[in-house]
Structure formats: structure tokens, C-alpha cells
Amino acid sequence: CLSALGRHDEALVLKREIYARRVAMGSAADSIVRAGGNLSSSLTTAGRFAEAKTLLRNELLPLARESLGPTHGLYMDTEEWLVQALCMDPNATRDDLREAETIMQDVLQRRRRVFGPAHPSTAWCEGELA
């Protein structure tokens with residue numbers, strides 16, 4: 001709601017608190033990853049690309065991979081959040097964009113294998129890759 005009103009800084013404060021609370025409480029991994037994903041999306045929207053990428057690479061992706069595995073939908077969502085942070089960054093390098101493409105191609109292959117070609121998340125992934 002706050003983000004939709006353009007109050008990104010206030011939204012970030014709340015999302016940071018929620019994420020920190022989930023980590024401190026030892027919540028289930030999927031709950032931590034979802035809260036972190038909300039935070040990373042808000043960081044990306046606020047133009048804090050480096051912080052979003054660091055959160056995703058150093059905390060969320062390792063946690064999601066270890067606890068959920070590479071074929072879990074939430075793990076693939078987490079990779080897509082990294083792709084968004086990479087691609088939306090106006091200072092992205094060609095290497096950043098190549099990394100994003102590589103990630104999306106890999107995610108698309110896994111989504112097709114796990115969910116099938118007609119699944120909405122597979123179709124969305126195809127559209128994002130294009």
C-alpha cells in the first residue's frame with residue numbers, strides 16, 4: 001500500500017523490519033525468502049539496485065537453494081528477482097545483462113520441466129526472457 005502511494009522509504013523501513021524479524025525468529029525458510037523477496041523488490045523499485053543484488057546473492061538465493069532446492073517455484077522466483085534487479089539497474093553492464101539472460105534461460109528450462117510449458121509462471125518467464 002505504501003509503495004503504491006509512492007512512499008517507498010516508509011515501505012522499505014517496514015519491509016526491512018519484517019525481514020529482520022523473520023530471520024531473528026528462525027521462521028521457516030520459505031517465509032524468510034518471501035519476506036526478503038518483498039524487501040528486494042522494494043529496494044529495486046526504490047533504485048537501490050546494489051543493495052537488492054547483495055541481499056539476493058548473499059542471503060536469499062543461498063537460503064532458498066539449500067532449503068527448497070533448484071526446482072522449487074520460490075527458488076526460481078528468487079532468481080527472477082535477481083534478474084529484475086540486474087536488468088532494471090541503469091548502470092548495468094553487458095556482463096550484468098548476460099548474467100541475467102543466463103539465469104532466465106536456466107529458470108525457463110526448469111520451469112518447463114517442473115511445471116510444463118502451459119503453466120502461467122512458465123509463460124511469464126518466456127515473456128521476460130524476450
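The axes of α5 and α6 come within 9 Å of each other and cross at roughly 160 degrees, where axes are lines fitted to C-alpha atoms, for helices over the stretch in contact, and angles run from 0 to 180 degrees between N-to-C directions. The two helices α5 and α6 are therefore roughly antiparallel, the term for angles over 145 degrees. Helices here are DSSP runs (H or I, at least four residues), numbered from the N terminus. The crossing of α5 past α6 is left-handed; that is, the near helix is turned anticlockwise from the far one by less than a right angle. In contact (heavy atoms within 4.5 Å) are E101, M104, Q105, V107, L108, R111, R112 and F115 of α5 with S121, T122, W124, C125, E126, E128 and L129 of α6. This contact has seven nonpolar, three polar and five charged residues, with Ala, Val, Leu, Ile, Met, Phe, Trp, Tyr, Cys and Pro counted as nonpolar, Asp, Glu, Lys and Arg as charged, and the others, Gly among them, as polar.

The model is a predicted one, in which local features need pLDDT of at least 70 and side-chain atom pairs count only at pLDDT 80 or more, while totals for chains, interfaces and linings use all residues. Residues are numbered from 1 along each chain as its sequence is written, and side-chain values use heavy atoms, with hydrogens and water left out.

Helix α5 (residues 94-115) also packs with helix α4 (residues 73-88), at an angle of about 155 degrees and with the axes 9 Å apart. That angle makes α4 roughly antiparallel to α5. Their crossing is left-handed. By class, the contact of α4 with α5 has 12 nonpolar, one polar and eight charged residues.

On its other pairing, α4 meets helix α3 (residues 49-67): their axes come within 10 Å and cross at roughly 165 degrees. Accordingly, α3 and α4 are roughly antiparallel to each other, and α3 passes α4 in a left-handed crossing.

The largest pocket has a volume of about 170 Å³. A pocket is an open set of points on a 1 Å grid over the protein atoms alone where a 1.4 Å probe fits, with protein on both sides within 12 Å along at least five of seven lines; lining residues have an atom within 4 Å of a point. Grid points are joined across faces, edges and corners, and the volume is the space filled by probe spheres set on the points. The lining includes E80, V83, L97, M104, W124 and E128. Its residues divide into seven nonpolar, one polar and three charged.

Definitions and conventions. Parallel < 35°, antiparallel > 145°, perpendicular 65-115°, else oblique.
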